Each structure stands twice: as structure tokens, then as C-alpha cells.
Amino acid sequence: MFFLGETSRKNLYGVDAELYKVVELALTISKIDFGIPSDGGLRTAERQNELYKLKVTKLDGYNKKSYHQTGKAFDVFAYVDGKASWNTKHLTHIATAILAAASQIGVVLEWGGHWMNFVDMPHFQKPR
């Protein structure tokens, strides 16, 4: 069983409390450890725009806002063999645990891995 490390807890600061609970429960279900990257939680419009300029996101933070800006989204990375991984196989396994955890506690959650136009494997959000 895995647990949310100090850095990941900090990176989730300001994110919806239900999402925080989903992450904690998913870590007890997942056979692959995972964490929350530095920009994986709540973002300001300014930070969202910086990521847009770096071409990390398609949303500029002003005209097109991210769910991260309202605390209704989080991103993950796998932690395998002592290193961060964004391997599709790892992220799919983690997504299964996260979606199961959300279902268990009654939280409706969308996974970016299911999107058709822009697949975003590390991304999860509460629908509006």
C-alpha cells in the first residue's frame, strides 16, 4: 500500500477535498505508486498561461481556463523503480485505481485518457 508523500500533498493544496480523498484511496488500491507533479494541482491564471506559452497545455488561463484553476483537477505521474514515469501502461493502471476509488466514494470523475480530441493520460477532473 502506498501513501501520499509530503511533496504530493503540497502539490494538491487547494484542490477540491473530494479529489484529495480520491487520490488517497486510489493509493491504497493501486499496485503502482504515484504522485502529483509540481503543476499537477491548483494553478493561477498566470501559471496556466506560462504553461500555455511552454506548449504544455492548450488552455491559456484567461480566454480558455483550465479545471486546475478552480481546484477541480489534478495530474499524476507513476513512480516506478525510484523514478517518475509517464508510461502509458503505468498511467492506465493508475487511472483504473483512481476511477475505482472515485466510484467507491461517489465522486464523478473524468479521465483525460478517455478524451478523443486531446488524450491527456495524467489528467483527472470533476465535470462542471
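## Largest pocket

The largest pocket of this predicted model has a volume of about 520 Å³. A pocket is an open set of points on a 1 Å grid over the protein atoms alone, where a 1.4 Å probe fits and protein lies on both sides within 12 Å along at least five of seven lines; the volume is the space filled by probe spheres set on the points, which are joined across faces, edges and corners. Of its 23 lining residues, Val56, Thr57, Phe118, Asp120 and His123 are the closest to the centre, where a lining residue has an atom within 4 Å of a point.

The lining comprises ten nonpolar, eight polar and five charged residues. Here Ala, Val, Leu, Ile, Met, Phe, Trp, Tyr, Cys and Pro count as nonpolar, Asp, Glu, Lys and Arg as charged, and the others, Gly among them, as polar. Helix 3 (45-53) and strand 6 each contribute at least two residues to this lining. Helices (H or I, at least four residues) and strands (E, at least two) are DSSP runs, numbered from the N terminus.

## Helix 3

Within helix 3, Ala45, Gln48, Asn49 and Leu51 are buried, that is, under 20% relative accessible area with a 1.4 Å probe and protein chains only. These residues lie on the same side of helix 3 because they cover an arc of only 160 degrees around the axis, taken from the directions from the helix axis to the C-beta atoms. Just after helix 3, lysine 55 adopts a positive phi of about 65 degrees.

## Sheet 2-6-5

An open sheet is formed by three strands in the order 2-6-5, with antiparallel pairing; two strands pair if DSSP finds at least two bridges between them. Strand 2 (73-75) and strand 5 (110-111) are the edge strands, each pairing on one side only. Strand 5 is joined to strand 6 (residues 123-125) by two bridges, and glutamate 110 stands opposite glutamine 125 of strand 6.

Strand 1 (residues 33-35) runs antiparallel to strand 3 (residues 77-80), with three bridges joining them. Aspartate 33 has tyrosine 79 in strand 3 as its bridge partner.

Strand 3 also pairs with strand 4 (residues 83-85) in the antiparallel sense, over three bridges. Valine 80 has lysine 83 in strand 4 as its bridge partner. The hairpin of strand 3 and strand 4 has two residues between the strands, and in this hairpin aspartate 81 takes a positive phi near 55 degrees.

## Basis of the values

Residues are numbered from 1 along each chain as its sequence is written, and side-chain values use heavy atoms, leaving out hydrogens and water. In this predicted model, local features need pLDDT of at least 70 and side-chain atom pairs count only at pLDDT 80 or more, whereas totals for chains, interfaces and linings use all residues.

Conventions
Buried means under 20% relative accessible area, exposed over 50%, partly exposed in between (1.4 Å probe, protein chains only).
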